Amino acid sequence: MTASQIIFYAISAFILGAGLLSVTSTKIFRAAIWLLFSLVGIAGLYFWMQVEFVAAVQIVVYVGGIVVLIIFSIFLTQESGKKMPKPSARKTVFSVLSALFGFGFTYNLISKYGFPIGNTKPFTVAVSDIGTQMLSTTNYGYILPFEVVSMLLLASMIGCIVIAMKTPEQKPGEPKQIKVTNNEDAPAPTVVVIPSVPEPLIIAEV
Amino acid sequence: MNEVPLTHILFVSTALFFIGMYGLFTRKNLITMLMSIELLLNSVNINFVAFNKYLFPDKLDGVFFTIFIITIAAAEAAVAIAIIINLYRSHKSIDVEDATELKF
């Protein structure tokens, strides 16, 4: 066993262990931290596969963005130390059975397929190649998906703001309109009332 | 370099996919379900990069798909968390069993 193999199996065990703890932990904050470890392990797997750019993007977007967002929303919506109720035994059993069945079925297909092995070309991903092909308009260029996905990102960010924005609540909205109309009428009575009644009396009434 | 066969990498990504699926089945809290979905997307990304590296080392398509999936996952997580916060504001709970008003 060479060092490369040992590193791969160690990273894989780390990813799977952290992922398993992330879906079974009963404390939601710990689940988020285990998810963080699993994502860092996947970035390590990308480094092992020598796609450094994807690994860097993985760390920046997932670890630096999505997990932080998830932790923020955990703090906004619930007490993080509280234990979540465990799923019922029946649900757990059937979920485990279906996951195991799916895994066995899929891995059976994969192992029987017989992928070609002889490919030993070095796989080098230069960032300049990625950038050139991403923005090229020739064949096999990715300029159209790039533009589409950037518009999608913009639209979804605006959509997020619209969804999460605190709208003026509807029930107080109607009285507000009435209040506005009252205010237009109000100055006349108040102007009339204030000079007619001495101020200490108003305070006493209030 | 290719000392580890492709099927071992596919083993890892398949196992991660079904771990995420187990989480999606058993969890009731919306945030933890979102976390399971992130695991699913990541296992797919591993697959894309591994196939690109082992089967088509002179092309970059798998890397592009991975980058686009990461972008869309970021957008999806942001929208999902906006919806979760809005749901929490109106229902005081983010349990999927409590959000039954659209149930027919």
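How many residues does H1(A) have, and how far does H1(A) reach from its first C-alpha to its last? The helix has 22 residues and reaches 32 Å, close to the 32 Å expected at 1.5 Å a residue; the expected span is 1.5 Å times one less than the number of residues.

## Basis of the model

This is a predicted model, in which local features need pLDDT of at least 70, side-chain atom pairs count only at pLDDT 80 or more, and totals for chains, interfaces and linings use all residues. Residues are numbered from 1 along each chain as its sequence is written, while chains are lettered from A and ligands numbered from 1 in the order in which they are written.

## Helix H1 of chain A

Helices here are DSSP runs (H or I, at least four residues), strands are runs of E (at least two), and both are numbered from the N terminus. In H1(A), the buried residues are Phe8(A), Ser12(A), Ile15(A), Ala18(A), Gly19(A), Ser22(A) and Val23(A). Down the axis of H1(A), these buried residues fall within an arc of 140 degrees, so they line one face of the helix; the arc is that of the directions from the helix axis to the C-beta atoms. Ala3(A), Ile6(A) and Ala13(A), on the other side of H1(A), are exposed. A residue is buried if 20 or more other C-beta atoms lie within 10 Å of its own, exposed if 12 or fewer, and partly exposed in between, with C-beta atoms placed from the backbone.

The buried residues of H1(A) pack against H2 of chain A, and also against helix H1 (6-26) and helix H2 (30-55) of chain B.

## Chain B

Chain B has 3 helices and 0 strands, in the order α-α-α from the N terminus. Its C-alpha trace spans about 55 × 25 × 25 Å along the principal axes. The radius of gyration of chain B is 17 Å, whereas a compact globule of 104 residues would have one near 13 Å; the value is taken over C-alpha atoms, and the globule rule is 2.2 Å times the number of residues to the power 0.38.

Of the 104 residues in chain B, 49% are buried. Among contacts in chain B with a separation of 6 or more, 48% join residues 24 or more positions apart. Two residues are in contact if their C-beta atoms, placed from the backbone, lie within 7 Å.

## Where the chains meet

Chain A gives 69 residues to the contact and chain B gives 59 residues. On the side of chain A that touches chain B, the largest share, 12 residues, comes from H3(A). That side has 45 nonpolar, 21 polar and 3 charged residues. Ala, Val, Leu, Ile, Met, Phe, Trp, Tyr, Cys and Pro count as nonpolar, Asp, Glu, Lys and Arg as charged, and the others, Gly among them, as polar.

## The nonpolar core

The largest nonpolar core has 58 residues, of which Ala32(A), Ile31(B) and Val49(B) touch the most other members. Elements giving two or more residues to this core are H1, H2 and H3 of chain A, with H1, H2 and helix H3 (61-91) of chain B. Such a core is a set of buried Ala, Val, Leu, Ile, Met, Phe, Trp, Tyr and Cys residues joined through C-beta atoms within 7 Å.

Apart from its neighbours within four places in sequence, Ala32(A) is in contact with Val67(A), Ile70(A), Ile71(A), Ile74(A) and Met35(B).

## Positive phi in two loops

Most residues other than glycine have a negative phi. Gln50(A), in the loop between H2 and H3 of chain A, has a positive phi near 65 degrees. Gln50(A) is partly exposed, with 15 other C-beta atoms within 10 Å.

Tyr140(A) has a positive phi near 60 degrees and lies in the loop between H5 and H6 of chain A. Tyr140(A) counts as exposed, with 10 C-beta neighbours inside 10 Å.
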